[in-house]
Amino acid sequence: MILSLKSLSPAEIIRTLGLRFREYRMSMNLTRKEVAEETGLSMTTLYKLETGNLTDMSMITMLKLMKIAGVYDNWDKLLPELPESPYLYNDNLTKKQRIRHSKS
């Protein structure tokens with residue numbers, strides 16, 4: 001099921017990710033205890049996440065879960081690097097020097 005992030009609150013996104021993580025965990029035949037031991041997360045946290053009762057999660061927790069699920073290499077898709085703006089360059093294609101104004 002494809003959801004539009006624009007229509008979801010952060011809490012709803014975390015709930016969706018938690019339910020999705022449960023599917024990953026089960027498809028890999030891992031128990032919550034095994035995931036807890038591997039990630040250092042509590043079994044209570046994992047239970048709340050997988051049942052949609054966790055509505056706040058740290059980035060570290062998210063990255064640990066991505067690693068267990070085998071999708072850690074996708075972290076760069078969360079906030080991809082932007083290409084450099086052409087406005088950063090002068091007419092002669094050299095990078096503009098950033099000028100800081102002194103506080104007077």
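This is a predicted model: local features need pLDDT of at least 70, side-chain atom pairs count only at pLDDT 80 or more; totals for chains, interfaces and linings use all residues.
Let's start with helix 1, which runs over residues 10-27. With 18 residues at 1.5 Å each, helix 1 should span 26 Å, and its end C-alpha atoms do lie 26 Å apart, in agreement with that expectation. Four of its residues, Ile14, Gly18, Phe21 and Arg25, are buried. Viewed down the helix axis, the buried residues sit within an arc of 65°, so they line one face of helix 1. The cover over these buried residues includes helix 2 (32-39), helix 3 (43-50) and helix 4. Turn to the face pointing away from that buried side, and you will find the exposed residues Glu23 and Ser27. After helix 1 comes Asn29, which has a positive phi, near 55°.

The largest pocket holds about 850 Å³ of space. It is lined by 24 residues, and those closest to its centre are Ile13, Leu17, Arg20, Met62 and Leu78. Helix 1 also matters here as a source of lining: it gives 9 residues, the largest share. Helix 4 (59-69), like helix 1, supplies at least two lining residues.

| Class | Lining of the largest pocket |
|---|---|
| Nonpolar | 18 residues |
| Polar | 4 residues |

Conventions
Residues are numbered from 1 along each chain as its sequence is written. Side-chain values use heavy atoms; hydrogens and water are left out. On a 1 Å grid over the protein atoms alone, a cavity is a set of points where a 1.4 Å probe fits but cannot get out, and a pocket is an open set with protein on both sides within 12 Å along at least five of seven lines; lining residues have an atom within 4 Å of a point. Grid points are joined across faces, edges and corners, and a volume is the space filled by probe spheres set on the points. Ala, Val, Leu, Ile, Met, Phe, Trp, Tyr, Cys and Pro count as nonpolar, Asp, Glu, Lys and Arg as charged, and the others, Gly among them, as polar. The expected span of a helix is 1.5 Å times one less than its number of residues. Buried means under 20% relative accessible area, exposed over 50%, partly exposed in between (1.4 Å probe, protein chains only). The arc is that of the directions from the helix axis to the C-beta atoms. Contact means heavy atoms within 4.5 Å.
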